[in-house]
Amino acid sequence: MDISSKPRQVHPPLIDIRDRGGPAQPMLRVRKLFKHFDLKKSFIESLAGGGQVVRAVDGVDFDVFKGETLGVVGESGCGKSTTARLLMHLIEPSGGEIIFDGETVGTPGLSLREYRRQVQLVFQDSYSSLNPRLTIEDSVAFGPQVHGVSRREAIGRARDLLARVGLEPRRFAERYPHELSGGQRQRVNIARALALEPRLVILDEAVSALDKSVEAQVLNLLMDLKDAFGLTYIFISHDLHVVRYISDRVMVMYLGKVAETGPAEDLFERPLHPYTGALLSSMPSMDPDQRTQEAPLTGDPPNPINPPSGCRFHTRCPMAEPVCAEQTPTLASVRGQRKVACLIHEIGSGHSQADAAIYAA
Amino acid sequence: MFLYLLRRVIYTLPIMLGVAFLCFLLVHISPGDPLVSILPPDASIELQRQLMTLYGFDRSYFEQFVSWIWRALQGDLGTSIATGRPVADEVFRAVGNTLMLAGVATLIGFFFGSLFGFVAGYFRDSWVDRAASALSVLGVSVPHYWLGMVLVIIFSSWLMILPATGAGPGGSGAWVWDWAHVQYLILPAVTMSVIPMGIIARTVRALVADILAQEFVVGLKAKGMTDVGIFLHVVKNAAPTALAVMGLQLGYLLGGSILIETVFSWPGTGFLLNSAIFQRDLPLLQGTILVLAMFFVLLNLLVDVLQTTLDPRIQRS
Amino acid sequence: MSATTLSFDAKAQKAAADAVEAAFERSTGFWSGVLRKLARDPVALVSAGVILLLILMAIFAPWIVPSDPYKTSMINRLKPIGTEHFPLGTDELGRDMLSRLMVGARLSLFMGITPVLIAFLIGSAIGILAGFAGGWLNTIIMRSIDVLYAFPSVLLAIALSGALGAGIGNALLSLTIVFIPPIARVAESVTTQVRGRDFVEAARASGAGGFTIVRVHVLGNVLGPIFVYATSLIAVSMILASGLSFLGLGVRPPEPEWGLMLNTLRTAIYSQPWIAALPGVMIFITSISFNLLSDSLRSAMDVKN
């Protein structure tokens, strides 16, 4: 194994006393998580017939292992950001289970307040996510104060963290958000998320709004912080290059469901789900020899109000057969750590290419 | 669109119920026994009881409310304590006079308000605009009851060309549209028209300026359309909102006429309210306010519905 | 009821919402910028100066009046403007007009401004609660507010104080109730706007309770715009308060108050018309100054300029 290809330090520097289940216990297990939004309807419309629901997240299963970075990709509207907010309980899940380090979140089990101390979220919009009326040190110090840390101590911690994310406290601590650039504000948001000493940080398109050069700096900062604080990341982005760069494993979502998961390199090299293949082929390549071979994705994703029957991708899938509209594929292990939800990779599914694909694998 | 209208109508029902409830409460927030004003000081307990039962004050609030609403729906608003006549008769006689006054005032206000507003918006930032804007600030700032007094001073006391008070020569005869009667209408209507004039002028100015700044107007000019053509376009686009504002202002004037009617002794609802308040005639007060408030709610509904039908952009599903 | 918002000047309500938006863009710089623009606006300076003078006059009136504003005199009734000792003449009971107008500023300003201030406190609390809570609580609160909104403001004020009976306290109560709905509506809409911001979500994600979030993250962002909207109601309130006294529903004689003075002097419009009109001039000057100041404030807050 080529050691130089993995420059990052994989082990946290200290053993975390909050680590209950040990390294083998996943940090987060998500089971059958779903969220259906009722469309607003008036009294009269409800007389006319049942209301419609948006199936934003529709039964999602995945694990996040300790110390890893799980990348989550998909087109806009696939349920990535809803998943992030569900994980933080910022919106109430319609059903499903979230298990954090072996404990179920919610009563009885891990209290929401304790859970939120260990899991934090960084938002995409650096502007909207900072209170314009608070200095940045007050914004960072807010979380610890909520959890009973004295103001003096919280401000001290905030200044340390600002220094840690590359904002000299003496210059920046008492500034207001509008006096900072987008990249600086996003550093503040990262410091704010870290102020509660979380173990898992969810980064929801955290670098997507930044300029490319700033984006690279913030990505490097994120990787440094991960090693220094022994963090686990869920990294949500629509930018495949960035996800490939930062992730250990990747999860591909389509219309509120998981299409495929697997180790980053393997998944990008050998996509199993036709949707992943299509996504990757739409990715501009640096190498002129590696021209796009597969048909790129056309059109918009279908409406999540009335998602297609069977496999949700069958309306846009180049390999779709009649069976795909009838039978819903299940997310199942294929080989190694790869899991895919596609009838081509299900034995006896009835898809003409099914057996050939499985033998080839 | 049909669904929107239906929803809009259904939405009005709880508002109307709430308005009725507030009117019902008026009698009960008022201190003291409402019968005191008509009872002789030495009235026997027997007589007091009789009157309590007659006016329904001896039953529970809920019962009183339900039966009050039920009777109101049939056009029975109770009996005036002061005159002993049905409240509904008194109110509807007065509503006619107020409606006439408010209607004429709205028309005057709308005409001059639109004119000023249009000119100001068309020649934005010119001296015409500034003058019209100043006039509209004056219009919304002036205490109109005082303006009424000043107009009486000028036209009745000083120039002696218009009558100061009343609604026609020789007391309360029937209204006729001749000069002998109309001259009584001029001062109160002009005074009242100042209220909507300022607001309509502001609205129209903003509308016209907005429309002129839009790209389609630039496009029309580029296509070589004449000023008259552009003028017609602007009018067509500004009309729904301007009409909506006018409708609402009519509602405000109906409810807000009391001060002006008092200054000019105009025999409308305001005048009726005034006497109801000072004679502590609570059924009359309640009935008048109920009718005026319901008028306002229905007018609101009507304006919304008209605006929806007039403006093709409003596609509320 | 979309169209009803036009009642208390929809432009002012929209300005409040825009101010929240603008304040997000520029934060603390926003309000200092507004002040700088106001300082360069001659109309704003003059109207602010007039208001300041009126307030000073109201405060110091008892010590600077030339004569006793309560002292009646049958021989000095309705002296014209310019009479010796009575520069603005005398009223129908022979009291000095100048002194009464000066002392009258106290009750007139008090009756005009107090309802808006109390309504600002109550209306903000109601609106912020509704806006922050959302859901069914919002629906219940805002629908109840709609019922009050279904009355024209003058009618509501007169209905309430007519039922409650004459008196300063009842007039203040009625006017306060009249101004709560428009302020609560503005408070609700700016709070809903702020609630949708990610920093409120971030505060929830850090485990903070609703009360803490409102105190730390919501109040600072909404109170400014709501207050600015409330100031635009003072002119209306001045006219309504004096109107109630004019009808005999507010201040009672012999207290000097401009609306009441206008009422008692109505008998004199044929003999001393200019004296009879004087109290109205004071009401007019006050309300126009407040209107001009709030207009200037609004255009200073307008980011597009």
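Residues are numbered from 1 along each chain as its sequence is written, while chains are lettered from A and ligands numbered from 1 in the order in which they are written. Because this is a predicted model, local features need pLDDT of at least 70 and side-chain atom pairs count only at pLDDT 80 or more, whereas totals for chains, interfaces and linings use all residues.

**Chains A and C**

Let's begin with two of the chains. Helices (H or I, at least four residues) and strands (E, at least two) are DSSP runs, numbered from the N terminus. A residue is buried if 20 or more other C-beta atoms lie within 10 Å of its own, exposed if 12 or fewer, and partly exposed in between, with C-beta atoms placed from the backbone. Two residues are in contact if their C-beta atoms, placed from the backbone, lie within 7 Å.

| Item | Chain A | Chain C |
|---|---|---|
| Secondary structure | chain A: 13 helices and 12 strands | chain C: 12 helices and 0 strands |
| Buried residues | chain A: 43% of 361 residues | chain C: 53% of 305 residues |
| Share joining residues at least 24 apart, among contacts between residues at least 6 apart in sequence | chain A: 65% | chain C: 72% |

Reading along the sequence of chain C gives the pattern α-α-α-α-α-α-α-α-α-α-α-α. Its C-alpha trace spans about 80 × 45 × 35 Å along the principal axes.

**Where the chains meet**

How many residues does the contact take from chain C and from chain B? Chain C contributes 41 residues and chain B contributes 45 residues. On the side of chain C that touches chain B, the elements giving two or more residues are α5 (135–149), α6 (153–164), α10 (234–246) and α12 (273–301) of chain C. Helix α12(C) gives the most, with 11 residues.

To sort residues by class, Ala, Val, Leu, Ile, Met, Phe, Trp, Tyr, Cys and Pro count as nonpolar, Asp, Glu, Lys and Arg as charged, and the others, Gly among them, as polar. On the side of chain C that touches chain B, there are 27 nonpolar, 10 polar and 4 charged residues.

Chain A meets chain C too: 24 residues of chain A are in contact with 23 residues of chain C. At least two residues each on the side of chain A come from α3 (112–118), β6 (119–122) and α4 (136–146) of chain A. This side of chain A has 11 nonpolar, 7 polar and 6 charged residues.

Domain bounds come from an automatic or database domain assignment. For chain B, the assignment gives domain 1 (1–76 + 282–317) and domain 2 (94–279). In chain B, 15 residues of domain 1 are in contact with 15 residues of domain 2. The domain 1 side of this contact has 10 nonpolar, 4 polar and 1 charged residues.

A nonpolar core is a set of buried Ala, Val, Leu, Ile, Met, Phe, Trp, Tyr and Cys residues joined through C-beta atoms within 7 Å. The largest one has 253 residues, and those with the most contacts inside it are A:Ile202, B:Ala293, C:Ile183 and C:Ile226. Helix α4 (residues 97–133) of chain C supplies the largest share of this core, 15 residues. Both domain 1 and domain 2 of chain B give residues to the core, so it lies between them.

Setting aside neighbours within four places in sequence, B:Ala293 is in contact with B:Val19, B:Cys23, C:Ala150, C:Phe151 and C:Leu155.

**A covered strand in chain A**

Is strand β9 (residues 249–254) of chain A mostly covered or mostly open? It is mostly covered, as 6 of its 6 residues are buried. On one side of β9(A) are A:Arg249, A:Met251 and A:Met253, on the other A:Val250, A:Val252 and A:Tyr254, and all are buried.

Two strands pair if DSSP finds at least two bridges between them. Strand β3 (residues 69–73) of chain A runs parallel to β9(A), joined by 4 bridges, and A:Leu70 stands opposite A:Arg249. Strand β10 (residues 257–263) of chain A runs antiparallel to β9(A), joined by 6 bridges. One bridge partner in β10(A) is A:Lys257, which faces A:Tyr254. The two strands β9(A) and β10(A) form a hairpin with 2 residues between them, and A:Leu255 in the turn has a positive phi of about 45°.

**One leucine**

A:Leu194 lies in helix α7 (residues 182–194) of chain A. Why does A:Leu194 count as buried? There are 23 other C-beta atoms within 10 Å, so A:Leu194 is buried. Leaving aside neighbours within four places in sequence, A:Leu194 is in contact with A:Leu161, A:Leu225 and A:Phe229.
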